[in-house]
Amino acid sequence: MDAKAKPKRRTVAENGDSSAEDLVLATLIGNGEDLGPIVRHAFEMGRPEALLQQLKNVVKKKEVEIEDICKSHYEEFIVAVDELRGVLVDAEELKSELSSDNFKLQEVGSALLVKLEDLLESYSMKKNVTEAIKMARNCVQVLELCQKCNNFISEEQFYPALKTLDMIDKSSLQKIPMKPLKTVIERRIPVIKQHIEKRVTRQFNEWLVRIRSSAKDIGQTAIGHAASARQRDEEMLERQRIAEEQNDSVVGDLAYTLDVEEMYEDSVLKFDLTPLYRAYYIHSCLGIPEQFREYYYKNRVLQLNSDIQISSVQPFIESYQTYLAQIVGYFIVEDRVLRTAGGFLLADQVQTMWETALAKITSILDIQFSRMNSATHLLLVKDYVALLGTTLRQYGYEVGPIFEVLDNTRVKYHDLLLEECREEIVNILTNDTYEQMVLKKDTDYENYVLTFHLQTSEIMPAFPYVAAFSSMVPESCRVVRSFIKGSVDFLSYGLRTNVFDVVRKYLDKLLIDVLNEALLNIISSSAVGVSQAMQIAANISVLERACDFFIRHAAQLCGIPIRSVERPQATLAAKVVLKTSRDEAYLSLLSLVNTKLDGFMKLTENINWTSEEAPQRGNEYVNEVLIYLDTLISTAQQILPLDAMYKVGSGALDHICYSIVSAFLSDSVKRFTVNAVMAINNDLKTLENFADERFHSTGLSEIYKDGSFRSYLLEARQLINLLSSSQPENFMNPVIREKNYNMLDYKKVATILEKFKDSADSIFGSLASRNAKTNARKKSIDMLKKRLKDFG
């Protein structure tokens, strides 16, 4: 069309018969463009006639162009028309054939059309059935999931049940075409979730009850493990101490060997937290984990507040183990939950619960300790509380305030313990017969002597063996040993590290304020006789020696080397105090001996002080004195150590000497003669012989070489020698006096000489052959009397 249009444009241009408007319009028509806007514009401008005229002009021009074309292609057009006629004939024939074929096709197609309609209907039914089957399958799948969910719930498999519900809610529910079924399931899903939550919560509540009832067993087991571990530590320290003392490397290696695997296995406490984990996970799946956390914390706090209350019906000493084990078990469970539940429980929450419990525990312990009046009960509770602290410290709890409470009871415990020991020791001393123990067999020797290191020789003696002490010594040692163990047990595993120093302090207090005081009370008692006083003195000597055993035993229990307490500065102060008390016992013994001797020496009043006949033997009283002295020194030899026996013997002889001199000074003796002096001289010789014999037979002569028993009769001997001397006035000679009369007092000698009457007519009348010598001595005595008066 464009090829034909171009000549038109050229023709129009060449002829120049139209205006510019006709040219534009012709160009638009030739290009096949829409003339609507031009027509609309013409009508809007009110000039449709001009447009119509222009169109007519264009038509005329086109007709001219067609005519020109036809003229130029006339022959071709004729040929084309002929051909078109031939085609028309063929078309008629084809039309006839088509009509015939169509008729035949209609006849054949009618049956096929019926079948086609049946087929289409079948296809439609098949589609509907397929869709119905698909819908039914979807419903069956959903119902099967619902059934599966119900089975999970009935089997208490709540997590799979929730996963099934989520699957139904998020995917399967959208495929259900049946709105009623879909609505029912949609409504049941929240109900089922709520049911699962209730079931899980009920199971969790049952677990809360079970775990609370199991807390006591958990706590007791953990405390038992702590006690076993402490026992193993003590055994290890003991082996280490022995190894250090023996300097044995092999033993030392063994001492450090520990069965770590066994300890680890024992330390694992088994209890089931599965219900808690499951409940928390289910609530997390339900989207309410915080609600469950709060529920758990609230209920556990309620349980704790109940657990930390003590029973008002049962005494604390009967219920403390159950009470404390319950608390330990509670916090072991909380520690396990904190570490294993994946952020379920916060550390601050556990800390808050522990602070609440700690404040209550310390308050109750303060009150209960203040009410206790038995050291045994206090020790039992303290030991269990210390194990509680050790156990919970392993789980990271701060237990310092608990140990501070225990440390604050130290004074009260030891006061109670001292009071109990005082009662025992007083009973022991009161019931003792103060007779030497007779040990009939080696087991008795081990129990009463070797156990407390009271032996004086490493050689096993022959049996029966007579010990140097009475029964109060081993019984008192047993009380002291028990006190040491009680003190160490209380002070161990607390805040203090210098346990030995504290134990030594209280041990000194026991020995000084209790044992020594009780001994002094017995010593000062009027019911004590000489043999009892002697045995008490012997007992104190043994107890003084036992102090070394006590301090070593304390060191051993405290786990420190024995050599560290064998230094002089580590000794007990009680040892010195007991030594002083022993001296006090000796003084009491000597006082009793002297009292007894005074009874015998009163017999000197029966002496004939003015006898005119020379005595043939000593006075009668001296026999009684010798018998008593023999018994006294024999008993002392069996009971007392040599130094004590020496003190007793020397003290007795010294008192006899004093009594003899006092007899001359007595107001009842107005006058005595030389015959009386000779009789006293015989008595004194008997006593001196006895003193020498016993001094040598007892073995004292090998120890006290410079001071024999005889020396304690020296004052009496010098007095008798003076009175028997032929030249008494030599007493005033300083050299002679220092050599022969150094024990005599001027005033005593002067008083005695005033009573010494030597009459020539009566006393020496029968000795005529010796008158001159007697007169000379009389003059010497008179001269001495005069010089003593002048000296005085």
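Which helices are included in what covers the buried residues of H15? In this predicted model, helix H15 spans residues 400-408. Gly-400, Ile-402, Phe-403, Val-405 and Leu-406 are buried in this helix. The cover over these buried residues includes helix H13 (347-371) and helix H14 (375-394), together with helix H16 (410-431) and helix H18 (472-491).

The chain as a whole contains 28 helices and 2 strands. Of its 792 residues, 40% are buried. When contacts between residues at least 6 apart in sequence are considered, 78% of them join residues at least 24 apart.

In soluble globular proteins, nonpolar side chains tend to be buried together. The largest nonpolar core of this chain comprises 193 residues, and Leu-640 and Phe-664 have the most contacts inside it. Helix H20 (residues 530-558) provides the largest share of this core, with 16 residues. Another core, of 5 residues, lies apart from the largest one; Leu-25, Ala-26, Ala-42 and Val-58 are among its members.

Leu-113 is located in helix H5, which covers residues 74-154. The relative accessible area of Leu-113 is 45%, so this residue counts as partly exposed.

The cysteines were considered next. A disulfide is a covalent bond between the sulfur atoms of two cysteines. The number of disulfides in the model comes to 0, with a pair of cysteine sulfur atoms required to lie within 2.5 Å. Cys-477 is in no disulfide; the nearest cysteine sulfur belongs to Cys-547 and is 8.8 Å away. Cys-477 is classed as buried because its relative accessible area is 0%. Cys-285, in turn, has a relative accessibility of 34% and is therefore counted as partly exposed.

Notes: Residues numbered from 1 in each chain as written. Predicted model: local features only at pLDDT ≥ 70, side-chain atom pairs only at ≥ 80, totals over all residues. Heavy atoms only, no water. Helix = DSSP H or I, 4+ residues; strand = E, 2+ residues; numbered from the N terminus. Buried < 20%, exposed > 50% of the residue type's maximum accessible area, 1.4 Å probe, protein only. Contact = heavy atoms within 4.5 Å. Core = buried A, V, L, I, M, F, W, Y, C linked by side-chain atoms within 4.5 Å.
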